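Subject: Structure handover

Hi,

Here is the structure I said I would pass on. Have a look at it first, and then read my notes below.

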Amino acid sequence: MKKAVGDLPARPADAGFGRRLADDEKWLGRAMLAPAIAYIVALIGFPLFLALFYSVSNVTVGSSGWPSFVGLANFRNAIGNPTFPRALWNTLVFALVSQFFVMILATILAISLQREFRGKWVVRLMILLPWVAPISLGSIGWLWIFDSVYSVINWTGRAVGIFGKDTWPIWLGHPTLAMGSVITVHVWRLLPLATVILLGGLSGIPKDIHDAAQVDGAGVLRHHFQITVPLVRPIALVALLFGTVYAFTDMIVIYVLTRGGPYETTQVLPTLAFFTGIDGGDLGGGAAIALFLFPVLAACAILILRFARQAEVT
């Protein structure tokens with residue numbers, strides 16, 4: 001019997017599993033996603049489950065045997081800790097103020113880097129250095145800059161006449177100056193990431209739109225706020241989301257510079273959880289404090305993503 005014209009050749013009965021998988025788009029897609037899912041489960045899902053388990057148990061550092069279930073006792077102890085309300089407030093101030101300055105400065109840098117000028121690649125390299133360098137080493141450098149005796153800021157300020165003979169700021173020893181110092185370092189760290197994200201968004205705007213605005217006689221401010229800002233808003237909200245997550249969860253800057261001092265004025269929830277769970281040995285209490293960040297971050301993420309979706313629709 002002759003085979004009809006156009007009929008596909010029959011698949012061999014002994015075709016291997018890899019060949020059958022490659023021909024099936026449904027299972028091929030699942031196989032391609034499997035490594036990413038395994039990565040998320042291993043590095044995010046398991047630690048989250050472990051934190052939830054620790055938060056309702058009496059586990060401590062070095063404890064042997066199976067921990068006992070204590071219910072919500074660790075959460076009640078965390079709320080009853082007099083440092084907890086201050087740490088929660090400091091976390092909000094640290095995150096919101098730092099992101100305010102990050103977004104403003106990143107917008108200015110991104111718009112500036114769009115223009116052609118001599119040495120542009122050097123400026124881009126300098127901007128990316130804070131993000132490429134290890135934050136622990138950068139924080140140690142800032143610790144020397146803010147040193148109470150050898151501060152380059154104080155010596156320079158006195159040399160140029162900004163600080164008088166009786167003026168010598170203790171940057172990490174005064175409550176207000178200490179919070180301002182750690183916010184400054186955090187802005188310095190996150191500025192490159194936000195700048196790169198916004199620069200990508202600005203580069204994606206078609207040049208025809210800018211040319212049409214110039215033909216219509218739009219000024220600089222009108223061009224920026226009525227054309228550039230609405231088009232780049234979804235990308236800017238993504239940068240804000242990443243920066244907010246980093247600001248709420250990062251503890252390296254504060255740990256290296258102030259360790260939560262002076263007088264707990266720079267203590268944030270991540271450092272409080274670390275000092276309670278690791279330094280203090282109470283893993284259950286530290287996990288409970290850290291889990292208070294989850295609803296705050298979830299609310300921020302939902303709010304920012306909703307605004308980003310509305311910006312894309314409009």
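**What I found**

Val132 counts as exposed, at 63% relative accessibility (exposed means over 50% relative accessible area, buried under 20% and partly exposed in between, with a 1.4 Å probe and protein chains only). You'll find Val132 in helix α5, residues 120-132 (helices are DSSP runs of H or I with at least four residues, strands are runs of E with at least two, and both are numbered from the N terminus). The C-alpha atom of Val132 is 9.1 Å from that of Pro192, although the two are 60 residues apart along the chain.

Before going on, a word on where this comes from. This is a predicted model, where local features need pLDDT of at least 70 and side-chain atom pairs count only at pLDDT 80 or more, while totals for chains, interfaces and linings use all residues. Residues are numbered from 1 along each chain as its sequence is written, and side-chain values use heavy atoms, with hydrogens and water left out.

**Helix α8**

Pro192 brings us to α8, which has a kink of about 40 degrees at Leu190, shortly before that proline (the bend at a residue is the angle between axes fitted to the seven residues ending there and the seven starting there).

**A cavity and a pocket**

Leu190 turns up again in the lining of the largest cavity, together with Gln99, Val102, Leu193, Ala194, Ala239 and Gly243. Here is how these spaces are found: on a 1 Å grid over the protein atoms alone, a cavity is a set of points where a 1.4 Å probe fits but cannot get out, and a pocket is an open set with protein on both sides within 12 Å along at least five of seven lines; lining residues have an atom within 4 Å of a point. The elements giving two or more residues to that cavity lining are α4 (83-114), α8 and α10 (220-249). Helix α8 has the largest share, with three residues. By class, the lining has five nonpolar residues, two polar and no charged ones (Ala, Val, Leu, Ile, Met, Phe, Trp, Tyr, Cys and Pro count as nonpolar, Asp, Glu, Lys and Arg as charged, and the others, Gly among them, as polar). The volume of this cavity is about 30 Å³ (grid points are joined across faces, edges and corners, and a volume is the space filled by probe spheres set on the points). A search of the whole structure finds one cavity of 30 Å³ or more.

The largest pocket has a volume of about 620 Å³. Which elements give two or more residues to its lining? They are α4, α8, α9 (207-215) and α10. Of the 16 lining residues, Ile111, Gln114, Arg115, His210 and His223 lie nearest the pocket's centre. The lining divides into five nonpolar, eight polar and three charged residues.

**Aromatic rings**

There are 13 aromatic pairs in the structure (rings of Phe, Tyr and Trp, the last by its six-membered ring, pair if their centres lie within 6.5 Å; planes under 30 degrees apart count as stacked, over 60 as edge-to-face and the rest as tilted). One of them joins Trp142 and Trp188 edge-to-face, 5.8 Å centre to centre with 70 degrees between the planes. This pair links distant parts of the chain, with Trp142 in helix α6 (residues 135-145) and Trp188 in α8, 46 residues apart. Trp142 is buried, at 15% relative accessible area, and Trp188 is partly exposed, at 27%. Ring pairs also bring in Phe146 and Trp171, making a cluster with Trp142 and Trp188.

**The loop between α11 and α12**

Most residues other than glycine have a negative phi, and most peptide bonds are trans. Now look at Pro262, in the loop between α11 (252-257) and α12 (269-279). A cis peptide bond joins Gly261 and Pro262, with omega about -5 degrees. Arg259, in the loop between α11 and α12, has a positive phi of about 55 degrees although it is not a glycine. Tyr263 also lies in the loop between α11 and α12, and its phi is positive at about 60 degrees, although it is not a glycine. Are these two exposed or partly exposed? Arg259 counts as partly exposed at 47% relative accessibility, while Tyr263 counts as exposed at 73%.

Cheers
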